[in-house]
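This report goes through a single protein chain.

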Amino acid sequence: METILKIDNLNKFFGKLQAVKNVSFEIKKGNVYGILGPNGSGKSTTLGIILNVVNKTSGEYQWFDGKIDTHHALKKVGAIIERPNFYPYMTAEENLKLVCEIKEIPYSKIAEKLEVVGLLERKDSKFRTFSLGMKQRLAIASALLNDPEILILDEPTNGLDPQGIRQIRDIIKHIASLGTTILLASHLLDEVEKVCSHVVVLRKGEILYSGTVDGMVSSDGFFELQANDNSQLRSILSQHNAIDKIEEEDGRLIVYLKAPLEAAELNRYLFQQNVSLNHLVKRKHSLEEQFLQLTNHQ
């Protein structure tokens with residue numbers, strides 16, 4: 001699979017503050033990547049570096065397997081890293097015509113991209129009459145005019161109401177279905193879980209996890225258990241080498257794992273120790289739980 005972007009040991013200092021620490025990851029063609037982290041985690045700085053608007057302190061990155069330099073590579077990139085900035089008294093179409101002039105793109109692309117973001121019927125409306133969500137959608141249309149191979153979005157749903165958030169998410173999924181690679185930065189776990197196939201988790205400029213979203217949530221998981229004698233159950237469970245810690249909640253034991261363990265195997269182990277269970281359920285961590293575990297253990 002073609003590598004769109006490769007980042008190696010990227011570092012950025014602002015004075016004594018290190019905003020990005022040895023960040024390395026790859027973006028392969030055709031996937032939707034999320035850079036997930038709280039505010040101040042280095043998401044926007046990383047995007048700024050790869051888009052050549054922030055100077056790196058050290059490290060390397062290369063676009064499209066290093067076959068072309070950054071200046072020419074960025075012509076194949078669409079990006080929105082700041083608030084949409086269009087002329088308020090011009091229509092949506094007039095604003096996009098200006099972008100076409102600057103980027104030397106034919107006007108014929110305008111209707112096509114307005115259709116993608118659901119704004120074709122509003123092409124003659126002035127930008128100042130648009131809601132925040134419509135302004136963001138127009139910005140996405142603008143970023144798509146050059147048919148980019150990768151679309152980069154920094155906090156694309158920030159400040160939007162629930163309807164606006166859903167519209168942007170649906171548009172991102174649609175764009176991805178057309179074969180465009182997407183990289184989005186977000187502090188919203190829900191956004192990454194619903195939209196992205198891959199995730200890079202950042203905290204204070206460092207990568208805590210890099211891989212698939214499914215891989216992150218399908219960890220060893222945890223069990224909910226209950227027996228007639230929970231204290232005896234707890235004592236026997238604590239001797240199993242796959243079990244990390246045990247907590248009690250509403251009369252049930254919550255058993256966290258440090259190694260893979262299937263429900264049937266655990267049930268067999270307990271039965272051999274003369275413990276019969278009233279309740280046994282294996283659960284997976286949600287992305288939120290995984291994220292909190294990652295960030296709290298650092």
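A residue is called buried at under 20% relative accessible area, exposed at over 50% and partly exposed in between, with a 1.4 Å probe and protein chains only. The model is a predicted one, in which local features need pLDDT of at least 70 and side-chain atom pairs count only at pLDDT 80 or more, while totals for chains, interfaces and linings use all residues. Residue numbers start from 1 along each chain as its sequence is written, and side-chain values use heavy atoms, with hydrogens and water left out.

**Overall**

The chain has 298 residues, and 47% of them count as buried. Its C-alpha trace spans about 80 × 45 × 35 Å along the principal axes. The secondary structure consists of 11 helices and 13 strands; these are DSSP runs numbered from the N terminus, with helices being H or I of at least four residues and strands E of at least two.

**Aromatic rings and charges**

Rings of Phe, Tyr and Trp (its six-membered ring) form a pair if their centres lie within 6.5 Å; planes under 30 degrees apart count as stacked, over 60 as edge-to-face and the rest as tilted. There are four such aromatic pairs. In one of them, the rings of W63 and F64 have centres 6.0 Å apart and planes at 35°, so this pair is tilted. The pair of F127 and F130 is also tilted, because its planes are at 55°, with the ring centres 6.2 Å apart. Ring pairs also join F86, F127 and F130 into a cluster.

| Residue | Relative accessible area |
|---|---|
| W63 | 1% |
| F64 | 3% |
| F127 | 6% |
| F130 | 5% |

A charge is taken to sit over a ring if NZ of Lys or CZ of Arg is within 6 Å of the ring centre and within 35 degrees of the ring normal. K97 lies over the face of Y107, at 5.3 Å from the ring centre.

**The largest pocket**

Grid points are joined across faces, edges and corners, and a volume is the space filled by probe spheres set on the points.

The largest pocket has a volume of about 730 Å³. Its lining has 23 residues, and A79, I80, I81, K103 and S142 lie nearest the centre. β5 (77-80), α3 (92-103) and α5 (132-144) are the elements that give two or more residues to this lining. The most comes from α3, with five residues. By type, the lining divides into 15 nonpolar, five polar and three charged residues. Here Ala, Val, Leu, Ile, Met, Phe, Trp, Tyr, Cys and Pro count as nonpolar, Asp, Glu, Lys and Arg as charged, and the others, Gly among them, as polar.

**A143 and the cysteines**

A143 is found in helix α5 and is buried, at 3% relative accessibility. The C-alpha atoms of A143 and P84 are separated by 11 Å, and the two residues are 59 residues apart along the chain.

A search of the whole structure finds zero disulfides, a disulfide being a pair of cysteine sulfur atoms within 2.5 Å. C100 is buried, with a relative accessible area of 1%. C196 is buried as well, at 8%.

Methods
On a 1 Å grid over the protein atoms alone, a cavity is a set of points where a 1.4 Å probe fits but cannot get out, and a pocket is an open set with protein on both sides within 12 Å along at least five of seven lines; lining residues have an atom within 4 Å of a point.
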